[in-house]
Amino acid sequence: MTTATTILPDQKKIGMVSLGCPKALVDSERILTRLRADGYAFAEDYAGADIVLVNTCGFLDSAKEESLAAIGEAIAENGRVIVTGCMGEEADAIRAAHPQVLAVTGAHQYEQVVEAVHTHAPPSQGPFIDLIPQPDIKLTPRHYSYLKISEGCNHSCAFCIIPDLRGKLASRRIDAVLREAEKLVAAGTRELLVISQDTSAYGVDTRHEPRSWKGREVRAHMTDMARELGHLRTPDGQTPWVRLHYVYPYPHVDQVIPLMAEGLLTPYLDIPFQHASPKVLKLMKRPANEAKVLERLKSWRAICPDIAIRSSFVVGFPGETEDDFRYLLDWLEEAQLDRVGAFRFEPVEGAAANHLPDQVPEAIKEERYARIMEVTERISAAKLTAKIGRTFPVIIDDIGEADEDGDIGATGRSQADAPEIDGAVYLRNVPATLKPGDIVAATIEDADAHDLFGVIA
């Protein structure tokens, strides 16, 4: 008697290049999760991929150039490329530069991306592959995860084209957000980073529609969401870090500060102030309430002294005078923000600011950029120096190799530091049993303008 042998076909493999912000990274995770459910595997390099996906950024012209360069590299190294993401809204420009691309889709168009992959690399698996459900794909380390609560934005800032790329605000259901957060924490996430285009506006589009969660009604509102996230616990009973990003300083933000003081939320707010001069804020089509913000910063620090405020600012916006810029510097001296990023104004196709009068020369932009960085670095250095001698929690991101003396170093972050954008805490002489994701008490021994140095207490 002869026995027939079934030869299972090899899985088609997908490569991914993900550019841009954390919101785009979440899109990449969702696309790969869906493709794996359809039977695809993933390649670690260009050579091993049947298709390469390039998730692009189109926020600034420099980001578009980077995206086009990444597409060109993928074509040169592999040849079979599908483009998605924010720059995918400019399909003609992409095809003009790279006519070889197989397909182009826009931001968060998950179904269209998957359909394009199916068309150009049909899944070859039979009914014997992937019968066991797999966890979602993560492109971040296991111990931290981005939690995207909405898409799009209702603002019409003069320098921004995000509403054109990603549409108006579209909030996720609150129960879906909390279910995803609970699932991530149960799977090992020790730090949740809440992201959107405007976290403070979460639920405005759905009139803060309530949903049942754990036997009670919870509104689709930032304050309700923050409170519920603060009730999550890791499998070992610890409170995960919950970090709020892209928070516009609407009045109801005041309500989350007590949650930080109670230890339910990470004492950190990422607020995109962009400028302080009332005139420039008006030109930017942003709220001009800088004086009230200073008062609120003081009240927040009175409630939660360890709160860290991060923000970003644009210098050289059209119409910005020397007086406007000095106003910004004076405001920063008063505000004493913990983490600051600065950007030279850069025109982006389709933005209203491109047509404003009194464009600032590039040389002046560079000079103002250097000045704002000097001020913010000085403030940061003073704030970090004040932490020397203190002991506080640090989450471990990376463990180094032992040196010639057997000393092992580790890189982590305090609650004042978000991954990729803020500073780090460098620890010496850590135990060999330490793992990424561990949260330890560290005593600070030294500091510079951006980072801290210490030892496990």
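Strands β1 and β2 run parallel and are joined by two bridges, where helices (H or I, at least four residues) and strands (E, at least two) are DSSP runs numbered from the N terminus. Within this pair, I14 stands opposite F42 of β2. The model is a predicted one, in which local features need pLDDT of at least 70 and side-chain atom pairs count only at pLDDT 80 or more, while totals for chains, interfaces and linings use all residues. Residues are numbered from 1 along each chain as its sequence is written, and side-chain values use heavy atoms, with hydrogens and water left out.

The two strands belong to an open sheet of five, ordered β2-β1-β3-β4-β5, with parallel pairing; two strands pair if DSSP finds at least two bridges between them. The edges are taken by β2 (41-42) and β5, each with a single partner strand, so one side of each has no neighbour in the sheet. Helix α1 lies across β1, β2, β3 and β4 and runs at about 175 degrees to β1. Helix α4 lies across β1, β3, β4 and β5, at about 175 degrees to β4. For these angles, axes are lines fitted to C-alpha atoms, for helices over the stretch in contact, and angles run from 0 to 180 degrees between N-to-C directions.

In α4 (residues 110-120), the buried residues are V113, V114, A116 and V117. Buried means under 20% relative accessible area and exposed over 50%, with partly exposed in between (1.4 Å probe, protein chains only). Viewed down the axis of α4, its buried residues fall within an arc of 160 degrees, so they line one face of the helix; the arc is that of the directions from the helix axis to the C-beta atoms. E115 and T119 are exposed on the other side of α4. The buried residues of α4 pack against β1 (13-18), α1 (22-37), β3 (51-56), β4 (81-85) and β5 (103-104), contact being heavy atoms within 4.5 Å.

A closed barrel of five strands runs β16-β17-β18-β20-β19, with mixed pairing. The twist from one strand to the next averages 50 degrees. Strand β16 (residues 391-399) is joined to strand β17 (residues 410-414) by five bridges, and the two run antiparallel. The bridge partner of I399 in β17 is A410.

R243 is located in strand β12 (residues 241-244) and counts as buried because its relative accessibility is 0%. Its side chain makes a polar contact of 2.8 Å with the side chain of E191. A polar contact is a pair of N or O atoms within 3.5 Å; within protein, one must be able to donate a hydrogen and the other to accept it, and residues adjacent in sequence count only if both atoms are side-chain atoms. A polar atom of the R243 side chain also lies 2.6 Å from the backbone oxygen of Q415.

No disulfide (a pair of cysteine sulfur atoms within 2.5 Å) is found in a search of the whole structure. For C157, the nearest cysteine sulfur is that of C160, 6.1 Å away. C157 counts as buried, at 10% relative accessibility.

Most residues other than glycine have a negative phi. D358, in the loop between β15 (339-344) and α12 (362-385), has a positive phi near 60 degrees. D358 is exposed, with a relative accessible area of 59%. N429 has a positive phi near 50 degrees and is placed in the loop between β18 (425-428) and β19 (439-447).
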